[in-house]
Amino acid sequence: MTDALLDIRRLDAGYLGIPVVHGLDLRVNAGEIVALLGPNGAGKTTTLLTISGLLPVIGGTIGFQGRSIAGARPDVLARRGLAHVPEDRALFMDLTVRENLRLAGGRRAAHTERALAYFPALTDLLRRPAGLLSGGEQQMLALGRALATEPALLMIDEMSLGLAPVIVERLLPVLRRIVDDTGCGILLVEQHVPMALEIADRGYVLSRGRLRVEGTADELGQRYDFVTSSYLGEAPGPAGDQPCADNAGTDPALVDTRCASAGLE
Ligand SMILES: Nc1ncnc2c1ncn2[C@@H]1O[C@H](COP(=O)(O)OP(=O)(O)O)[C@@H](O)[C@H]1O
Ligand SMILES: [Mg+2]
């Protein structure tokens, strides 16, 4: 096991013992934002649910802060510093903003203050039920609530889902500030590639449960066409050739080699 904050090796994950994610290798270091990209149904949410202990590991290992966490209970992992903002944000809609924050931070006011420091727009909304907030405000509350637990690793599933681009543009720099201030790592699940590459240090692209390509955000940005074609599992190759992504199995190095030889660099 390396000193990576999150160290996933050959992970098989899925439902009722049937994998939908196959042989995933993924690492997140402290102080970095890592994007997990891929189309609908690629296995991104399944991966996060498995890291969080909400789904059992079918195969492979998950290390967190140098220890194996496969099989650990979600509440234990949360106390150890793993925060998960799920796709549906999982707020208590009938409770106020303040109550949602307090539930997460163990009722300590300092934790609420911490969340408000990053999302000052919530300050005037503390008495409002979460269900009456706009989509952007709800996402701020979900992120603020996760921050209130002082996580070492913050996992965010589809942060931009349902939000106007202008709202997303306001949230992105906050993620960077959180990482710079606290030294935590962020695993950001996104379908929206340009948005994710704008903020991430590195990224992984999943399609149909397999890793298609990984690299720094700059590398993935330069190979934008390849990344987006990976979404379909149909990276274009020369006539008669198999599509790069499907040809390449799970080995990202192989994806790189074959696509370079197909003139896609
Ligand atoms: N509760 C479930 N039971 C069985 N299969 C599921 C369940 N949830 C998701 N899946 C399947 O797992 C695959 C990956 O889904 P998911 O991880 O939600 O993808 P993503 O988050 O990348 O859109 C899909 O084929 C999906 O149909
Ligand atoms: Mg999902």
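Which residues are around ligand 1? In this predicted model, they are Y15, V20, P39, N40, G41, A42, G43, K44, T45 and T46. By residue class, this shell divides into 4 nonpolar, 5 polar and 1 charged. Helix α1, which spans residues 44-51, contributes the most to the shell, with 3 residues.

Several members of the shell can be followed down to individual atoms of the ligand. The side chain of Y15 places an N or O atom 3.3 Å from a nitrogen atom of ligand 1. Two further residues approach through the backbone. In A42, a backbone N or O atom is 3.1 Å from an oxygen atom of ligand 1, and in G43 a backbone N or O atom is 2.9 Å from an oxygen atom of the ligand. On its own, ligand 1 has 560 Å² of accessible area, of which the protein covers 57%.

Attention may now pass to L24, a residue of strand β2, which comprises residues 18-28. Is L24 buried or exposed? L24 is counted as buried because its relative accessible area is 0%, whereas the cut-off for a buried residue is under 20%.

The surroundings of L24 can also be described. Leaving aside residues up to four places away in sequence, L24 touches I8, R9, R10, L11, T47, L206 and L211.

Definitions and conventions
Residues are numbered from 1 along each chain as its sequence is written. Chains are lettered from A and ligands numbered from 1 in the order in which they are written. This is a predicted model: local features need pLDDT of at least 70, side-chain atom pairs count only at pLDDT 80 or more; totals for chains, interfaces and linings use all residues. Side-chain values use heavy atoms; hydrogens and water are left out. A residue is near a molecule or strand if one of its heavy atoms lies within 4 Å of it. A polar contact is a pair of N or O atoms within 3.5 Å; within protein, one must be able to donate a hydrogen and the other to accept it, and residues adjacent in sequence count only if both atoms are side-chain atoms. Accessible areas come from the Shrake-Rupley method with a 1.4 Å probe; for residues, only the protein chains shown count as cover. Helices (H or I, at least four residues) and strands (E, at least two) are DSSP runs, numbered from the N terminus. Ala, Val, Leu, Ile, Met, Phe, Trp, Tyr, Cys and Pro count as nonpolar, Asp, Glu, Lys and Arg as charged, and the others, Gly among them, as polar. Buried means under 20% relative accessible area, exposed over 50%, partly exposed in between (1.4 Å probe, protein chains only). Contact means heavy atoms within 4.5 Å.
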